[in-house]
Amino acid sequence: MPAANSSAHHHALLQLRGREAAWSAAAAEATGLGRIVQAEEYLSQAQWTVLKSTDCSNATHSLLHRNLGLLYIAKKNMEEARYHLANDIYFASCAYGTEDVRTSGGYFHLANIFYGLKKMELADTLYTKVSEIWYSYLNSHYQDLLQARSQQTDLLGKQFVNDTGLDEAQEAEAIRILTSILIIQESTSTKAPQKSILILKTLSILYYLMLEFSKAKEYSMKALSLAETYGSGEEQRAIQELLNVISAEEKQFMT
């Protein structure tokens, strides 16, 4: 990012989210680009601001600790990373609840640490929790949409509206998290088809709500294929219904 644009970006963050949140977000950006020293500088300023603040929100504490956790992951210091991610989960749970999608990122990053340390049972437990949180959230939106249509609610003006309830960054994070977990599930020596079915259904619903029908169909067909071998009849019917809904709406958008 050019210096002028970077400065303007961080200034906007300062105005929108407060000084400590802006520094934390800037640190996340720097960490993502591999600029560890710059990320440390931003986060040291954010920590100092938080320590001096008397009214710092739980959400800001969560954001700060999550980015500190990611910083220490980048530095290969897993003990410090685990400490900060545990704090992230605590503060996010206080701010949003333990089963909220905004809390799930902390579980996911902590699971990645356990996975890297070959603590597979702990990693799997957390990955499963993340999958269940996202499925519950997205399926709730999907069921609300089906119910509205069954009641013949006029949704014509909402056809192209983002129905996930998420912003673009959150949608991108959801895709990244869920596809990462799916890849891990499919690559492990002990296959867990039920868990793969759950993630595939979740990704299908996510892409459907994002109006990306080809991707939604791809994941629902994979889920149905697995469910026909490992799932119950009820689960197969639910996935088939999802696939029918996606196909019908895709045709409607093409006409």
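**Exercise 1. State which elements cover the buried residues of α6, and list those residues.**

Solution. The model is predicted: local features require pLDDT of at least 70, side-chain atom pairs count only at pLDDT 80 or more, and totals for chains, interfaces and linings use all residues. Residues are numbered from 1 along each chain as its sequence is written, and side-chain values use heavy atoms, with hydrogens and water left out.

Step 1. The cover of the buried residues of α6 includes α4 (58-74), α5 (78-96), α7 (120-150) and α8 (168-187). Helices here are DSSP runs (H or I, at least four residues), numbered from the N terminus.

Step 2. The buried residues in α6 are V101, T103, S104, G105, G106, Y107, F108, H109, L110, A111, I113 and F114. Buried means under 20% relative accessible area (1.4 Å probe, protein chains only).

Step 3. Because 12 of its 16 residues are buried, α6 is largely enclosed by the rest of the structure.

**Exercise 2. Compare the length of α6 with the expected value, and describe what lies at its two ends.**

Step 1. From first to last C-alpha, α6 (residues 101-116) reaches 23 Å, close to the 22 Å expected for 16 residues at 1.5 Å a residue. The expected span is 1.5 Å times one less than the number of residues.

Step 2. At the start of α6, a side-chain oxygen of D100 comes to within 2.8 Å of the backbone nitrogen of R102.

Step 3. After α6 comes K118, with a positive phi near 65°.

**Exercise 3. Characterise the packing of α6 and α8.**

Step 1. The two helices, α6 and α8, pack at about 35°, and their axes are 11 Å apart. Axes are lines fitted to C-alpha atoms over the stretch in contact, and angles run from 0 to 180 degrees between N-to-C directions.

Step 2. Contact means heavy atoms within 4.5 Å.

**Exercise 4. Determine which helices the buried residues of α5 pack against, and check the span of α5.**

Step 1. The buried residues of α5, among them H84, D88 and F91, pack against α4 and α6.

Step 2. The 19 residues of α5 should span 27 Å at 1.5 Å a residue, and the end C-alpha atoms are 26 Å apart, which agrees.

Step 3. G97 follows α5 and has a positive phi near 110°.

Technical notes
Buried < 20%, exposed > 50% of the residue type's maximum accessible area, 1.4 Å probe, protein only. Polar contact = N/O pair within 3.5 Å; in protein donor to acceptor, adjacent residues only side chain to side chain.
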